[in-house]
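Reader: Please walk me through the terms used here, and tell me what lies behind each one.

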Amino acid sequence: MSPTVFPQHIIARKRDGGVLTTAEIQAFVRGATDGSWADYQLSALLMAIFLRGMTPAETAALTEAMMRSGVVADLSALRRPKADKHSTGGVGDKVSLHLAPMVAACGVAVPMISGRGLGHTGGTLDKLESIPGFRVNLTLPEYRAQLERDGLALIGQTAELAPADKKLYALRDVTATVECIPLICASILSKKLAEGIDVLVLDVKFGRGAFMADKARARELARALVAVATAMGKPTRAVLTAMEEPLGRAVGNALEVAESLDCLRGRGPADTMEVTYALGEQMLLLAGTVKTQAEARRQLEASITQGTALGKFRALVAGQGGDPRIVDDPSRLPQARLQVPLAAPRAGFVQGVDAMDVALAALRLGAGRAKAAAAIDPAVGVGGLVKVGEKIAAGAPLAVIHANDAGALAEATAMLARAIVIGDTPGMTPPLVDELIG
Ligand code: URA
């Protein structure tokens with residue numbers, strides 16, 4: 001063994017601002033995966049990377065090593081092109097739930113491995129699990145079979161996929177090393193590129209409810225993600241989208257599934273559909289099944305008007321063990337015991353709905369988790385939310401709070417009342433789809 005592969009030498013080199021070799025990065029990732037590096041050594045190198053950064057080549061080597069720390073799904077037998085989208089997370093972001101069936105209905109397979117919510121943004125898996133019986137923990141053979149049958153599968157990270165990320169993310173979470181672009185890039189892309197896709201579209205959000213609130217930092221992250229994934233041979237594009245107010249009118253797991261069903265029936269909120277189409281268009285373009293954005297839009301719209309996307313969603317639910325009757329009868333989704341409207345204190349225009357405050361109100365109701373192991377209540381959350389720019393009468397509902405606990409209801413109501421600002425003139429809404437990168 002060459003002396004440079006000793007953990008302390010690698011840590012010292014990064015600590016002093018050096019550039020790590022691919023072999024050193026591979027030794028670090030191996031150490032995280034097989035336990036041969038102690039947690040304090042892994043954490044020390046994570047902090048050195050946080051403080052000193054990584055070159056694009058180091059970031060690519062880290063991503064590659066983390067991706068190869070487990071199984072890389074081989075979906076080459078699937079003859080359709082395979083595209084996925086990843087969102088850095090936003091409040092009320094239920095786009096994956098209806099976008100995946102829309103894209104699948106257009107002939108592009110969607111192998112999607114998603115996460116659970118942690119902190120203030122909900123996870124796709126939690127939303128899907130609000131569907132009675134829905135299984136997100138398919139084995140890799142079941143995942144492949146589901147993709148072959150219906151052209152889409154939405155599952156959780158298995159123990160076989162990018163295990164190094166699981167270990168390193170848990171350490172980053174408790175060592176203040178999450179907010180580091182090279183580490184975020186390697187974490188996101190190692191998982192996404194292990195799922196067997198051909199192309200990737202990223203929704204990188206900025207604003208009050210986003211993981212990266214600052215737009216310049218979100219753009220920097222988007223550029224780094226696109227550069228690394230493209231260098232690894234996966235055509236990738238990022239869409240920078242605003243996350244100042246929640247996406248759509250619902251925040252909460254079953255409530256968001258019901259809103260996604262509205263989207264699939266052509267009754268989706270305008271902002272949610274704007275982001276959905278922007279991402280879907282790029283997925284079809286990158287997958288090469290259309291030549292123009294207009295053609296992509298036409299196909300995606302047809303998947304809704306012709307009901308094929310709704311059919312794909314129904315097949316997905318049935319294929320993964322869920323109760324497909326929720327598709328035609330969303331009242332079969334979990335319902336909260338208390339459903340109480342919040343009345344507008346005055347007439348006027350909605351000038352702001354603070355995404356972070358709404359998320360915290362939903363968290364208080366039990367819709368999210370403050371700790372990784374916490375249980376969530378699928379039924380609770382906020383529905384019928386007003387949107388910025390809308391005119392409202394005094395006493396009209398600003399939202400409906402869905403709660404299973406009277407104390408949580410009272411606190412969430414007060415939080416929500418503070419989150420919604422009403423004024424005499426319509427508020428300014430910044431462009432939702434801000435920039436295309438890649
Ligand atoms: N999401 C991830 O999967 N990893 C990160 O590092 C940050 C967000």
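Author: Let's start where P7, Q8, I10, I11, K14 and R15 of α1 meet Q41, A44, L45, A48, I49 and R52 of α3; a contact means heavy atoms within 4.5 Å. The model is predicted, with pLDDT of at least 70 needed for local features and 80 or more for side-chain atom pairs, while totals for chains, interfaces and linings use all residues. Residues are numbered from 1 along each chain as its sequence is written, and side-chain values use heavy atoms, without hydrogens or water.

Reader: What makes up the contact of α1 with α3 by class?

Author: The contact of α1 with α3 has seven nonpolar, two polar and three charged residues. Ala, Val, Leu, Ile, Met, Phe, Trp, Tyr, Cys and Pro count as nonpolar, Asp, Glu, Lys and Arg as charged, and the others, Gly among them, as polar.

Reader: Why is α1 called roughly parallel to α3?

Author: Helix α1 (residues 7-15) and α3 have axes that cross at roughly 15° and come within 8 Å. Angles under 35 degrees count as roughly parallel, over 145 as roughly antiparallel, 65 to 115 as roughly perpendicular and the rest as oblique. Therefore α1 is roughly parallel to α3.

Reader: Then why is α2 oblique to α3?

Author: Helix α2 (residues 22-34) and helix α3 (residues 39-52) pack at about 140°, with axes 11 Å apart. An angle of about 140° falls among "the rest" in that scheme, so α2 counts as oblique to α3.

Reader: Which residues make the contact of α2 with α3?

Author: F28, G31 and A32 of α2 touch L42, L45, L46 and I49 of α3. By class, six of these are nonpolar, one is polar and none is charged. Gly counts as polar, so G31 in this contact is the polar one.

Reader: How many cavities of 30 Å³ or more are there, and what makes a space a cavity?

Author: The count is two cavities of 30 Å³ or more. On a 1 Å grid over the protein atoms alone, a cavity is a set of points where a 1.4 Å probe fits but cannot get out, and its lining residues have an atom within 4 Å of a point. The second largest cavity has a volume of about 50 Å³, which is the space filled by probe spheres set on the points.

Reader: What lines the second largest cavity?

Author: The lining is F28, L46, L62, M66, D165, L168, R172, L183, A186 and S187. At least two residues come from each of α4 (56-67), α8 (163-174) and α9 (181-193). The lining divides into seven nonpolar, one polar and two charged residues.

Terms used:
Axes fitted to C-alpha atoms, helices over the stretch in contact; angles between N-to-C directions. Helix = DSSP H or I, 4+ residues; strand = E, 2+ residues; numbered from the N terminus. 1 Å grid on protein atoms, 1.4 Å probe; cavity = no way out; pocket = protein on both sides within 12 Å on 5 of 7 lines; lining within 4 Å.
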